Amino acid sequence: MRGTSLKFVLLLVALFALAAAGCGGGGGGATGTSASTGGGGQGGTLVFASAADPVALDGILVSDGESSRVIEQIFETLIDLKPGTTDLEPGLAESWEANADGTQYTFHLRQGVKFQDGTDFNADAVCFNFNRWYNFKGSFQNPSATYYWQVIFGGFKTYDPNSGAPKGSLYKSCEATDANTAVITLTKPSSSFLAGLTLTPFSIGSPTALQKYDADKGNVDADGIFHPTGTYSTQHPTGTGPFQFDSWTRGDKLVLKRFDGYWGKNSDSPTGFNGKGAQLDQLIFKPIADNAARLQALQTGEVNGYDLVEPQDIPTIQGDSSLQILDRPPFNVAYVGFDMSKPPTDDPKVRQAIAYGLDRQGVVDSFYAGRAEVAKEFMPPTLFGYADDVTTYTYDPNKAKQILQQAGYTLPVKIDFWYPSDVSRPYMPDPKRNFEAFAASLEKSGFKVVAHSAPWSPDYLGRSDAGNLGNAYLLGWTGDFGDPDDFIGVFFQTPQKQWGTTKNHELDGVMKILDQAEQETDKAKRTQLYEEANRQIMDVLPGVPYAHSKPALAFTKNVSGYVPSPVDLQSFATVSIKK
Amino acid sequence: MLRFVVRRLLLLVPILLGLSILVFFWIRALPGGPASALLGERATPQAVAAIRHQYGLDKPIPVQYWKYLKQVGTFKFGNSSTSRQAVSTEFKQRFPATVELSIAAGLFALVFGIPLGFIAAKRYQGPIDHVSLVVSLVGISTPIFFLALILKYIFAVKLGWLPSVGRISPLIDIPHPTNFYLLDSLLDGNMSAFVDVGKHLVLPAIALGSIPLAIIARITRAAVLDVQNEDYVRTARAKGLPPITVDYRHVLRNAMLPISTIIGLQVGLLLSGAVLTETVFAFPGIGSWLVDAIKARNYPVIQGGVMFVAIIVVFVNLIVDLSYGLLNPKIRLS
């Protein structure tokens, strides 16, 4: 009896094994490496693992990095960035000039450029796009929809108090004076306008496609979420870039293919890479949300690259001979901010003592896996306007104590110090340990540190906006575009509660310089103004910047030609893959 | 029978109502909101206020709950706040993936779990029984994500036999009329796609099926041990029926009753396990959909998605209950 029942069971197992073989069989070996089944053309296929699906492929309506990454391949902007830098270079505009008071910009457009639907790119198309954005109404005016328009241009043609958008706009009008000349008029001078135009939200789309596929049609549902009814942003994004949209299966993959009608294909390359057509036949973005899964998919060759590698995974990748790590130039800053309206940090001497009491080198060495440098000022060194000769504060506990004693304080001096919990930012991978190290070095420097902490969002950020983070706190920023205005302009041009500058007026001089710099159109003069602002900031000391971190990208070794940009925007046109 | 079904369906009302309250308040108790999830450190107070106003989050809680309840009543859950697509559309796109994965995992659990339990019972207290006990305990106590990482490391990274992420290789293109990729590839007549999709299912199915496998093995063992000593089994053997007939017709069939109950309960387990499995394998189903939604504080997707899943669990359990009648005609549903 026993024998037979065992046979029966064995039969069942055998059946399953058979089924499994049928399912899993069919020529063993590795699956899905891009090399094995590659696209066949000269360039092959590259699979890039994104962290998530894009939201939509209509630049003006998105502010997330994953959307921008794809949009950057399909579209181009009037002005571009020199690869790997934040320096401006011609994009769809070959050249441009401002009038004397900096309120009118004339863009001379590249000729012979076609959109991917075969229509012509010209000055009318440029103005069509700008006017479309300026005339947005209703839920399009919500900051979640048109964040970057509002950062660069402020409000819209019609003001809606419920929208959250500011009143009044920097944009006034756009005029196509001839087929290849577009004149954009602003309501006031703004020199960060040019750098702002490099952002993917200001990509120029085909007016024909925008209209044909109802880019501006949609409704707001009961939850207040805008719901596009057109298919432009999901199925028919149409630009002038080196890749064109092919297909998108949400959660699975987004496929772009080389645009053979790309304007620069057979022409001599101008200064940058945008003058060349794409090397690859196909570029696929595959969403993989989990970090460990992205790394494993890279190791198996299922994907060829991914962004924002976790610091702890870097040694694994470096130890694998088939993989490579690429550094993104630092474009962020982590800082210890001070509330200059609260005693004792309202006293410049105390702030100085804190600056000398912070072991910034120690923190950068210990907690950034060798992927950061000590910050000397509130913007990264790659940006123009960075001054080499600001006052620096090298860690010196004795000097800190000395300053406090000379200023008449009895040691230790008590300060309230805040740090965020439940968060890791590129510039601050581990806030708690940064804080602990700083607290220890401050305790050696004549301070008594009272620790406070709150969850990053919304508590900590809310406290920061309300100026409610004690005397000192950890915070940081990642830049969006290559202009000092996006760093020190954001921090100091207007009074902010986080620094206590709504009550403390020590930074008023800096604010004036920043206002001047924003309106100055001469780059050399602007550079000088920002350098001066940086010097003054580091003397007034509203905070101590401590780290610029270098985010990492990982690729398989057979990928070449990728130039990481400090601002997350880069074309895959120059990338090639060896089969 | 009909009354039974109707009564069970009516039970859905209090279940969904209770669940709606739980989900509604739970997501609002999470720190952060859609605004800060969307904007991060760029969330100025004005922008946060505007987004809260736009989403109606500045309205009193009872008003918000009433609005949500109306959605539950009409099965219209609005649009995802990240992709801006209708929640029901996304559900339809993603649900087949989870079904495919759950069926694969369920099959794995059944096809290995029942024989394992059966042999263990037949070799009660023998070495096979002890081994099966250890296997079950390991199966039950190994966290899915850990097992998944180990499986991927061995079979994908080291051996290169199986893929580690997704449902299908990015380079294979097939039309997706049903979104059941196995079916889609068959409809397309593309056998290499079918094999590719099958390979993508193997590791997630093992990871997801390990706990149900262990549970099913244990229950099968207990049930078979019980039934084996029943009078009718002894009688059947005494009559001289071939052992395979006794085992199949009398032992296993009667043991199936408790097993089928457990299988029904496993569906809930499979769906909750899918949350982790899909995330680790970047498998675009309901589980990873809900995880992403929670991370982005995507209220419409969380609220709608959880309801859909709850309804499915209730229906599957109903089907299991109905299947009792088929397995054992003695049970009359009333």
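Two strands count as paired if DSSP finds at least two bridges between them. Keep that in mind for the first stop. One more point before we start: this is a predicted model.

Let's begin in chain A, with strands β10 and β11. β10 covers residues 243-249 and β11 covers residues 253-258. They pair in the antiparallel sense, over 6 bridges. Phe243(A) stands opposite Arg258(A) in β11(A). What do the two strands form together? A hairpin, with 3 residues between them. Look at Gly251(A) in the turn: its phi is positive, about 85°.

Next, another sheet in chain A. This one is open too, with 4 strands in the order β4-β5-β7-β6 and antiparallel pairing. β4 (93-98) and β6 (171-178) of chain A are the edge strands. Each of them has one partner strand, so one side of each lacks a neighbour in the sheet. From one strand to the next, the twist averages 20°. Inside, 5 bridges join β5 (residues 104-109) to β7 (residues 181-186) of chain A, running antiparallel. Tyr105(A) faces Ile184(A) in β7(A) as its opposite residue. Helix α4 of chain A, residues 123-134, packs on this sheet. It touches β5, β6 and β7 of chain A, and its direction makes about 165° with that of β6(A).

How confident is the prediction for chain A? The average pLDDT is 85, and 88% of the residues score at least 70. Residues 1-41 of chain A fall below 50, with 57 contacts in the model beyond near neighbours in sequence. Residues 266-274 of chain A are also below 50, with 21 such contacts.

On to chain B. How many helices and strands does chain B have? The count is 13 helices and 0 strands. The C-alpha trace spans about 85 × 55 × 40 Å along its principal axes. Of the 334 residues in chain B, 45% are buried. Among contacts in chain B with a separation of 6 or more, 71% link residues 24 or more positions apart.

Take helix α4 of chain B, residues 61-74. At 1.5 Å a residue, its 14 residues should span 20 Å; the end C-alpha atoms are 20 Å apart, which agrees. Phe75(B) follows α4(B), with a positive phi near 60°.

Last, the cores. The largest nonpolar core has 159 residues. Leu101(B), Phe108(B) and Ile216(B) touch the most other members. Helix α9 of chain B, residues 191-228, gives the largest share, 19 residues. A second, separate core has 64 residues, including Met340(A), Val363(A), Tyr368(A) and Phe491(A). Back to Phe108(B): leaving out residues up to four places away in sequence, it touches Ala205(B), Ile206(B), Gly209(B) and Leu213(B).

Notes:
Residues are numbered from 1 along each chain as its sequence is written. Chains are lettered from A and ligands numbered from 1 in the order in which they are written. This is a predicted model: local features need pLDDT of at least 70, side-chain atom pairs count only at pLDDT 80 or more; totals for chains, interfaces and linings use all residues. A residue is buried if 20 or more other C-beta atoms lie within 10 Å of its own, exposed if 12 or fewer, and partly exposed in between; C-beta atoms are placed from the backbone. Two residues are in contact if their C-beta atoms, placed from the backbone, lie within 7 Å. A nonpolar core is a set of buried Ala, Val, Leu, Ile, Met, Phe, Trp, Tyr and Cys residues joined through C-beta atoms within 7 Å. pLDDT is the predictor's confidence in each residue, from 0 to 100. Axes are lines fitted to C-alpha atoms, for helices over the stretch in contact, and angles run from 0 to 180 degrees between N-to-C directions. The expected span of a helix is 1.5 Å times one less than its number of residues.
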